[in-house]
Amino acid sequence: MKNTLNTSEAASLLMADENAAWSMAGAFALVEYLEEYEEAYGTEVEFDRVAIRCEYSEHESLQEWARCYFTDDQLTDGY
């Protein structure tokens, strides 16, 4: 049995996950990304909010994201 979710329903389910800290904008952006992925690759993504929480994270800013993925040397060298 399969249940198809629309964008709002999927974002609401992500927001209801007490162990994640999605903003509303972040939840919608992630769901829209997953929908675009489905269209681009012709595959269906199974909605599993625990797996999504483990695989994706939301950063408060571009600077926070950069600190997570680059060393201080890389950031100061202009990369």
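This report walks through the cysteines, one aspartate and a surface patch of a predicted model.

Residues are numbered from 1 along each chain as its sequence is written. Local features need pLDDT of at least 70 and side-chain atom pairs count only at pLDDT 80 or more, while totals for chains, interfaces and linings use all residues; side-chain values use heavy atoms, leaving out hydrogens and water.

**Cysteines.** A disulfide is a covalent bond between the sulfur atoms of two cysteines. Here it is taken as a pair of cysteine sulfur atoms within 2.5 Å, and the count comes to zero.

| Residue | Relative accessible area | Class |
|---|---|---|
| Cys 54 | 64% | exposed |
| Asp 17 | 5% | buried |
| Val 45 | 32% | partly exposed |

**Asp 17.** You can find Asp 17 in the loop between helix H1 (7-15) and helix H2 (24-41); helices are DSSP runs (H or I, at least four residues), numbered from the N terminus. Apart from neighbours within four places in sequence, Asp 17 is in contact (heavy atoms within 4.5 Å) with Arg 49 and Arg 53.

**Val 45.** The loop between H2 and helix H3 (49-55) holds Val 45. Together with Tyr 33, Tyr 37 and Tyr 41, Val 45 forms a nonpolar surface patch with about 410 Å² of accessible area. Such areas come from the Shrake-Rupley method with a 1.4 Å probe, and for residues only the protein chains shown count as cover.

Notes. Buried means under 20% relative accessible area, exposed over 50%, partly exposed in between (1.4 Å probe, protein chains only). Helices (H or I, at least four residues) and strands (E, at least two) are DSSP runs, numbered from the N terminus. Patches are made of residues with over 30% relative accessible area and no salt bridge: like charges are joined within 9 Å, nonpolar side chains (Val, Leu, Ile, Met, Phe, Trp, Tyr) within 5 Å. A salt bridge is a side-chain nitrogen of Lys or Arg within 4 Å of a carboxyl oxygen of Asp or Glu.
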